[in-house]
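Please open the structure in your viewer and keep the sequence panel beside it.

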Amino acid sequence: AEETAKMSSSSTPAIDQFQRCVVDFPSERSLLVCACAGSGKSTTLALRVKSLLDAGMPASRVLVLTFSTKSRADLLSKIERAVPPPAELPAVNTYHARALACLRQAGCTSTVMEPRVARKEMKAVLLDLGLLNESPGDGRQQSRSAVRAALAVVAKAKAGSGGALSAEERDILRAYNCALAAKGLIDFDDMVPMATEAIDAGACAMPNGNYLHVLLDEAQDTSGSQLAFLQRLAPRSSTVVTCVGDADQSIYGFRGSQPDMLTRLTAAFGCMPLILPTNYRCASSILNLAKSLIEGSPLREHLPLLSAPRAAAGEVMVIQKVDRQAEIEAICREVLATQERSAGGREATHSIALLCRLRVDCLALRRALKEYGVACVQAEKGEDGGGGVGGDGGGSTAATVSLAWLRLVVEPKDDLSFLACVAAPSRAGFGGGEASPGIRYLRSLAASKSNGQRSVCLLVAAIHAARKGWP
């Protein structure tokens, strides 16, 4: 686990000396915490919130900001455990949720586009400007690539970190913004800079006056436009900030975050630097390998990496094979050997994670493991769509289930796809027993389609029947 100890509603977790320095740091001083991976930073941030509230600061004057809905939910759950009822909790928002609230307060009624709508609008803009080739074959792939590249340029420009634009890029940005304005739309990247403008224009007043304390998680991923927004939410003259981040974990460069952002935050708010250097997540051998890979980078701000006092030694092996197939077979043999070394094979399997760079590699590895008799489970997906071995990656639940059905038609022995299909609630419904639309649909499909589909459909219908106790 990332944290040194799990929280409970009745006790405060044990924390190390570095975490204690952060929690007890004077509330009137701004603070920048450089925290390595696995250092328990979210637990420490939650306890910092508790410390501020215990000192008498009103929860309504405290704001906690983070970057994604998943990290918000995780941080909020830790704050709830650190500050049990009936105590009032501070607002915990993503940057974009806070920005959208400001826009709505300022009277903005524009609709925030989904990514697929943004791609459609950009494609239309590029076609109007004569910058897109829609010819069949390779032209279609080039079209998709051109749309993605144009949206990336727009995102960085709106984030305030794209640098000087070429004349063509300025034309694209201008035409894209005009197209959205004409339809009453804004995109994901519009919200933060527009909210900043609303505050500057006096159209959006801060709730309860200015916040007294703003806490920022994942500070390394802050973009230029988000920094400007943060400075409006937390004026240096009246608001204290606590920023927690790790430049080694910066993942939002495509959205405009910059390598020197922690230094810029320190200068903007006059932060005192502290560190959380102890990794409680990894075996010491893994941590040493990571140190050897990253410590030589001239772009890296120095942060010591320490192993936890009682960390396991662990083992790192590098296996190099002549081709991908040989590599897959070596992985399968190593998984089997790990199972055999353990007295409980099932527990050993559940303690193994397999990570691949490409989704197609996940699928190939999953098929190979099945041939070796190793069952796989799919890792829990985050909001960014990360899947386990054979995971579907990003996309909506409907798209994921549709792809699972298609894979089952091609490969009826695909266990994970089958489980995805069975677990998904059906739009047709299975609530009416044998006469339900869902069962009728599956049986009609099974009667009219190929043997592969027939087997899949009958099996799904049988499982639903067994779950409901139908004959």
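Begin by selecting helix 4, residues 95–105, and colour Tyr-95, His-96, Arg-98, Ala-99, Cys-102 and Leu-103, which are buried (buried means under 20% relative accessible area, exposed over 50%, and partly exposed in between, with a 1.4 Å probe and protein chains only). These residues cover an arc of only 160° around the axis, which puts them on the same side of helix 4; the arc is that of the directions from the helix axis to the C-beta atoms. Helices (H or I, at least four residues) and strands (E, at least two) are DSSP runs, numbered from the N terminus.

This is a predicted model, in which local features need pLDDT of at least 70 and side-chain atom pairs count only at pLDDT 80 or more, while totals for chains, interfaces and linings use all residues. Residues are numbered from 1 along each chain as its sequence is written, and side-chain values use heavy atoms, with hydrogens and water left out.

Now show what covers the buried residues of helix 4, which includes strand 2 (62–66), strand 3 (91–94), helix 8 (191–200) and helix 9 (224–233).

Next, select strand 7, residues 240–245, where six of six residues are buried. On one side are Val-240, Thr-242 and Val-244, and on the other are Val-241, Cys-243 and Gly-245, so that both faces are covered. Which strands lie alongside in the parallel sense? Strand 1 (residues 31–35) pairs with strand 7 over four bridges, and strand 6 also pairs with strand 7 in the parallel sense over four bridges (two strands pair if DSSP finds at least two bridges between them). To see individual partners, select Cys-34 with Gly-245, and then His-213 with Val-240.

From there, move to helix 10, residues 261–269, and pick out the buried Met-261, Leu-262, Leu-265, Ala-268 and Phe-269. Seen down the axis of helix 10, these buried residues fall within an arc of 125°, so they line one face of the helix. They pack against strand 1, strand 6, helix 9 and strand 7, with contact meaning heavy atoms within 4.5 Å.

Turn now to the charged side chains, among which the structure holds 13 salt bridges (a salt bridge is a side-chain nitrogen of Lys or Arg within 4 Å of a carboxyl oxygen of Asp or Glu). Select Lys-50 and Asp-54, whose side chains meet at 2.8 Å, N to O; both lie in helix 2 (residues 41–54), four residues apart, about one turn of the helix. Lys-50 counts as partly exposed, at 22% relative accessibility, and Asp-54 is exposed, at 57%.

For a second pair, select Asp-187 and Lys-158, which meet in a salt bridge at 3.1 Å, N to O. Asp-187 lies in the loop between strand 5 and helix 8 and Lys-158 in helix 6 (residues 138–159), so the pair ties together parts that are 29 residues apart in sequence. Asp-187 is buried, with a relative accessible area of 4%, and Lys-158 counts as buried at 12%.

Finish with Lys-41, Asp-217 and Glu-218, which are linked in a network of salt bridges.
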